[in-house]
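Morning, everyone. Let me put the model up, and then we'll go through helix packing and aromatic pairs.

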Amino acid sequence: MVETRSEPARDLRTGDGKQVITRYATVAVVLHWLIAALLVINIALAWSRGFITREQSGVVMDFHKSTGILILLLSLVRLGWRLAHPAPPYPAGLPAWERGLAHVTQWGFYLFMIAMPLTGWVMTSGPRAHGPLTLYGLLPWPLLSFVHTAQGTAGAIWHTVGEAHGILAWFAYLLIVLHVGGALKHQFVDRDVIMARMLPTRRTR
């Protein structure tokens, strides 16, 4: 049975003391780690272009585009779930600046996970696009017709939007460093329960 809300608070012993943890619901945990894995795969695919042949690049980029669309769909589901199911509260005593940075990073990820695939979709739908897209060669995915047929000023605007795809990639790297660095800090330096809220398996005493 799928959980639809955060689990009740559970005692968790960390470091020298006992702290209370309220985990994210199973749906949120699964979406978090699935999207994270897909993001790592897509970043690796994008960077691999400099080490493969032109023929291989076509196949790799088709996979990259398909994975981007999948990330977009899953991120929209995750955002909808997040809006309907508030995140569990932070442990008492967490400094205000860390709470603020965590919120900025989390919502920055939502922005990136939706905007990055959208700009890639715009870029792929440009006037020089050939034929419809397919998801992993199995399911058809349409080009954005209003981008594909845009001319003049409108075409230049959509071209600029597509170019933002590369800029967003560097924004993503910054978010990943902040997110991973923060999680490791809480796990190994602060030794609190922040990271445990999103771990795939439950930790016990």
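Are α1 and α5 parallel or oblique to each other? Before the answer, two notes. This is a predicted model, where local features need pLDDT of at least 70, side-chain atom pairs count only at pLDDT 80 or more, and totals for chains, interfaces and linings use all residues. Residues are numbered from 1 along each chain as its sequence is written, and side-chain values use heavy atoms, with hydrogens and water left out.

Now the helices, which are DSSP runs of H or I, at least four residues, numbered from the N terminus. The axes of α1 (residues 26–48) and α5 (residues 152–189) come within 13 Å and cross at roughly 135 degrees. Axes here are lines fitted to C-alpha atoms over the stretch in contact, and angles run from 0 to 180 degrees between N-to-C directions. So α1 and α5 are oblique to each other. The classes: under 35 degrees is roughly parallel, over 145 roughly antiparallel, 65 to 115 roughly perpendicular, and the rest oblique.

The crossing of α1 past α5 is left-handed, meaning that the near helix is turned anticlockwise from the far one by less than a right angle. On α1, His 32, Ile 43 and Trp 47 make the contact; on α5, Trp 170, Tyr 173, Ile 176 and His 179 do. Contact means heavy atoms within 4.5 Å. These residues divide into five nonpolar, two polar and no charged. Nonpolar is Ala, Val, Leu, Ile, Met, Phe, Trp, Tyr, Cys and Pro; charged is Asp, Glu, Lys and Arg; the others, Gly among them, are polar.

Next pair. α2 (residues 54–84) packs on α3 (residues 96–124) at about 145 degrees, axes 9 Å apart. α2 also passes α3 in a left-handed crossing. The residues of that contact are 13 nonpolar, three polar and three charged.

On to the rings. Phe, Tyr and Trp (its six-membered ring) pair if centres lie within 6.5 Å; planes under 30 degrees apart are stacked, over 60 edge-to-face, the rest tilted. That gives eight aromatic pairs. Trp 47 and Tyr 173 have centres 6.4 Å apart and planes at 40 degrees, so the pair is tilted. Trp 47 is in α1 and Tyr 173 in α5, so this pair ties together parts 126 residues apart in sequence. Ring pairs link Trp 47, Trp 170 and Tyr 173 into a cluster.

Methods
Helices (H or I, at least four residues) and strands (E, at least two) are DSSP runs, numbered from the N terminus.
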